[in-house]
Amino acid sequence: MEKSSYKITQFVKRPALGHEGIRLRIRSNFFEVTSLPHLNISQYDVTIIPEVPKNLNRRIFKRFVEQNRIRFFGGANPVYDGRRRMFSNKVLPFGQTATFDTILEEETNRTPRKFKIVIKKVGRDINMEELVQFLNARSRMTNNCQMAITAIDLIIGYKISTSHITVSRSFYTPQGALPITGGVELWQGYYQSARPTKGKMMINIDLSATVFYEPGPLIQTIMKILGCRNPDELYKGLSDKDRHKVDRVIRNLKIRTNHLYESKRTHKIEKLTPTAASNTTFQIDDSIISVQHYFQSRYNRKLIYPLLPCVIIKKNIYLPIEVCDVEPGQRFLRKLNKKQTNEMIGYARKVPFVRCDKIRNSINTLNYKSDEYLQEFGMSVSNDMTVVEARVLPAPTVFYHPSSRENSIQPKNGSWNLQGKKVATGATLGSWAVVAFLAHSYLPDENIPNRNPPILRANPQGNIEDSLKQAWLKAGNTAKAQPQLILCILPNTGIQLYAEIKRVSDTVIGVSTQCVQSQKIRQVKKQYCANLCLKINVKLGGMNSFIEAAQIPFITDVPTILIGADVSHPPPGPDGNNRPSFAALCGSMDAKASRYAASIRVQTGRVEIIADLANMVKELLKTFYQTCGQKPQRILFYRDGVSDGQFENVYNNEITAIKNACYSLGEHYKPSITFVVVRKRHHTRFFPMDKLDADKTGNCLPGTVVETGVTHPFEFDFYLQSHAGILGTSRPAHYHVLFDENGFNADSLQTLTYNLCYIYARCTRSVSMVPPVYYAHLISARAKLHVHGDLYSDTESSVDSTGGTATFGVVKQELQRVMYYA
């Protein structure tokens, strides 16, 4: 018998709709396409020579069409994506291919540029009737259907893209821009995407936000990058550290010069000079001259900041920072720091009724009714937000230790507390140590009357590995037993110390650690201590709570393993180049789905398919057998982070890998497999229509499930809002079943998934997605900290400043079987 090899035929079709829960109607941010193009759509390939950026391509093409719409396009108004694709509502008169010359006149007084536009007919026309058949579940998704949806996407966004900065499916406006830390500002935007649903196409519209460089003098940008309060702080120049910091942020930034009023040329910054303008020299004629002196003699411009470095725009071409202005409308593509991230979250967060109103009002900005491109293609879109059928599933009963004063509770509104409760299985902590990375003045010895466990002090700037090894030895010697835990008290500083503690404890010593911020110790709160104990208990192998077998029969009836999978990627843009991705799996190890083992791999950066999945699954299956004494008969695999376009690739590769993992453990070992993709990165939102159907934040109630109206025309998918709202508008998780040998119906999978969200080990709340995926996400995030050689940084670098490639430690075997990442 050969190893399994699967090629996709079709994903799982939707079973009968579920009936569990209380029925209600809610709004969703979808708008119906009330009229689809009734004629076929012609597709063309466009090449613009010489090659220029996407936004400039759009300008060139738009100008060319405006000047030649009747002459070359037969009166048609085609739409173009700025790269290769162009769609027209009819076959164009020039035949299969044509080449045109055009001139783009610049707004500045630069010489007009000449371009060639090559347009070539592609294949057969897009048959819109085939899309209608797909929407009505009479045919499967074809390339023609996919191309029809792509065309609709381009048509609805084309007009707005010609007048606004667009990023993928979102467009942005500088109106109301909010400056934040570091010389950047936040822009409000709107996302729109064509989505197929049962019997109709919908437009998904949502709020969006992104970060742009703040326009204006480059000197002001540098002040904000460095956190200067006034320009005087720059008179003395920059330290090497500050220069490297600025250089990293402004590389490739477009600037305009301001010293020549008649010619404000645009340039791109390559890097900063290592020397100041007063010491940066170049040759002119037969003499050597400094940049400072050149600008004084050539332009009568006395530099205010001669001790600042220059920007290099080309080899041996230098500009003083103070003659440069940042061009408006440039996206900031680097990773945000912690403060910027918090500011971004605060800006983007909107309570449900505000978000709902803004989305409904966006129709005025999008103005579909007056869009000549929609009219050209015979399309129209409703102005009304769609209303969908929903159900609110009942919460499960959560159980604690039988001796608890309150040993069970049915949570209301997705949360509860630990009053009167004991953890279901408490771990015994016998061998441990405390390491305080604090000065004596912050934690005096007299404040520590109990010297058992041993308490050590360590320098947060010192050798962390040695400090933790000493703590490990003292814990073991004091208790005469293998150390179980090191409690680390941290100063309230960045992540480098935390990252090094986790690297050493996970990959060098092999002991669980619990980090605590010192400010939390000074102002101790019961809720904080309780949450800390929940984390410590599962790190030591305990179980905090559980739900009874009747509420999760799929897991308890026969040996079953739940597996969560996630891949974390480096940040977009240059900060993430040449850095790896981290694939993580976790698998349940008991019938209560409360204890999980982990598996990690480092793989090629930004590759979503898990390269070594077969071996990772094999590891978990072996651990399950060693823990439970039998092999799983069922596998329920929840896979995070996969977009629609990757479904087929994941299906063909990862389900094959799971099958092969089973085959490697025995020729006749064939557990039944269900493979479910879980997505949180989407733009679907739900809004209650009645206050009685909302929680205290205005969000839909926990347990809200939607499987019609905004879901796939016929495949097995559903949205589940399993958590209570805290801040802003809650985002439901989207579950899409790709493969199912276990015969789930809608109620059984939805109820199981929802109930599991109540036994997430780290808190007393239902969580927003099923715990195995949550744990896999924590594991992959932890793996980023396992870089060796003190190379960790806020930008998640895997390359040190000298160009050396980082290496990543392997989690110790004894930790992989406990929830060290909790």
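The model is predicted, so local features need pLDDT of at least 70 and side-chain atom pairs count only at pLDDT 80 or more, while totals for chains, interfaces and linings use all residues. Residues are numbered from 1 along each chain as its sequence is written, and side-chain values use heavy atoms, with hydrogens and water left out.

Helices (H or I, at least four residues) and strands (E, at least two) are DSSP runs, numbered from the N terminus. Just after H6, asparagine 300 takes a positive phi of about 55°.

Axes are lines fitted to C-alpha atoms, for helices over the stretch in contact, and angles run from 0 to 180 degrees between N-to-C directions. Helices H2 (residues 128–135) and H3 (residues 143–161) pack at about 100°, with their axes 9 Å apart. H2 and H3 are therefore roughly perpendicular to each other (65 to 115 degrees; under 35 is roughly parallel, over 145 roughly antiparallel and the rest oblique). In this pair, Met128, Glu130, Leu131 and Phe134 of H2 meet Asn144, Cys145, Ala148, Ile149 and Ile152 of H3, where contact means heavy atoms within 4.5 Å. The residues of this contact divide into seven nonpolar, one polar and one charged. Ala, Val, Leu, Ile, Met, Phe, Trp, Tyr, Cys and Pro count as nonpolar, Asp, Glu, Lys and Arg as charged, and the others, Gly among them, as polar.

Helices H4 (residues 218–226) and H5 (residues 240–250) pack at an angle of about 120°, their axes 10 Å apart. Ile222, Ile225 and Leu226 of H4 make the contact with Asp242, Lys245, Val246, Val249 and Ile250 of H5, a set of six nonpolar, no polar and two charged residues.

Helices H15 (residues 613–628) and H16 (residues 647–664) pack at about 45°, with axes 8 Å apart. That makes H15 oblique to H16. Their contact has eight nonpolar, one polar and two charged residues.
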